[in-house]
Amino acid sequence: MKKADRLFQLVTLLQGRRKAITAQDIADVLHVSVRTVYRDIQGLARSGVMIDGDPGVGYLLRPQSHVPPLMFSGDEVLAMLVGSHMVQAFTDPALARAAQLADQKIRAVLSAELLRRAEQSPYRIPVLLKDQAARERHNLIRLGCEQQRKMHASYVDEVGQSSERTIWPLGIVGLHGNWMLLAWCELRQDYRTFRFDRIQTLSLGTQAYTTRDDLSLGHYFTHVLHADHDADGKTSP
């Protein structure tokens, strides 16, 4: 575990308690040595996190303490939480679990006022049981993109014609209110987009593919869609 992640977990653990917790108990939860706990407590204290400690009693975070420098504006908090809820509702189960953990971490460092605003958010994005199959498909497609493995698909186009395709999954694109798989199609020898809801069957093959300068996610956005594209997947007209 990275030190930054460990320190964040330590503060989150202290924030969730009303009574002091011993160094040994902290070490057991974080799976580290007691000596590491002592060093981490000292490091947090030097960075401004107010922690009270008594020998034989343990450590307690002062109520007015906060974690610098994670300070957000109200709109930043709302944006992150809305994004987290959208991930939970519309993408795959693994990302949904990660979004839930991120949501907890964000809330753990909020001031009382920002937490109140977060709880009064007007946005409601329900996770519906009927969308479970689509979320599982997200997971399969994401694996194909990340591992650069060819996929085999049965697809029905907008006029109802079906076809069998071997495709190279390049990226997942949200466009015009739909999720689409952007891929290189071996049948058409060109880029194609496949709407998730029109994919009848989909399987992940064992054969890998390799992108190149004229066949990649970045190339598609820049030279076909004519949109700016960067490593974070952000686009602009």
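Buried means under 20% relative accessible area, exposed over 50%, and partly exposed in between (1.4 Å probe, protein chains only). This is a predicted model, where local features need pLDDT of at least 70 and side-chain atom pairs count only at pLDDT 80 or more, while totals for chains, interfaces and linings use all residues. Residues are numbered from 1 along each chain as its sequence is written, and side-chain values use heavy atoms, with hydrogens and water left out.

**Exercise 1. Is threonine 36 buried or exposed?**

Step 1: find threonine 36 in helix H3. Helices (H or I, at least four residues) and strands (E, at least two) are DSSP runs, numbered from the N terminus.

Step 2: check the area. Threonine 36 has a relative accessible area of 12%, so it is buried.

Step 3: look along the chain. Arginine 97 is 61 residues apart from threonine 36, and their C-alpha atoms are separated by 28 Å.

**Exercise 2. At what angle do H2 and H3 pack?**

Step 1: Two packed helices are described by the angle between their axes and the distance between the axes. Here axes are lines fitted to C-alpha atoms, for helices over the stretch in contact, and angles run from 0 to 180 degrees between N-to-C directions.

Step 2: read off the values. Helix H2 (residues 23–30) and helix H3 (residues 34–46) pack at about 105°, and their axes are 8 Å apart.

Step 3: name the arrangement. H2 is therefore roughly perpendicular to H3; the classes are roughly parallel under 35 degrees, roughly antiparallel over 145, roughly perpendicular from 65 to 115, and oblique for the rest.

Step 4: list who meets whom. From H2 come Ala23, Gln24, Ile26 and Ala27, and they meet Val34, Val37 and Tyr38 of H3 (contact means heavy atoms within 4.5 Å).

**Exercise 3. Where is histidine 31 found?**

Step 1: histidine 31 belongs to the loop between H2 and H3.

Step 2: its phi is near 60°, a positive value in a residue other than glycine.

Step 3: with a relative accessible area of 72%, histidine 31 is exposed.

**Exercise 4. Which side chain makes a polar contact with that of aspartate 103?**

Step 1: go to helix H5 (residues 93–108), where aspartate 103 is found. At 8% relative accessibility, aspartate 103 is buried.

Step 2: find the partner. The side chain of arginine 107 makes the polar contact, at 2.5 Å. A polar contact is a pair of N or O atoms within 3.5 Å; within protein, one must be able to donate a hydrogen and the other to accept it, and residues adjacent in sequence count only if both atoms are side-chain atoms.

Step 3: Not counting residues up to four places away in sequence, aspartate 103 touches Leu81, Ser84, His85 and Gln88.
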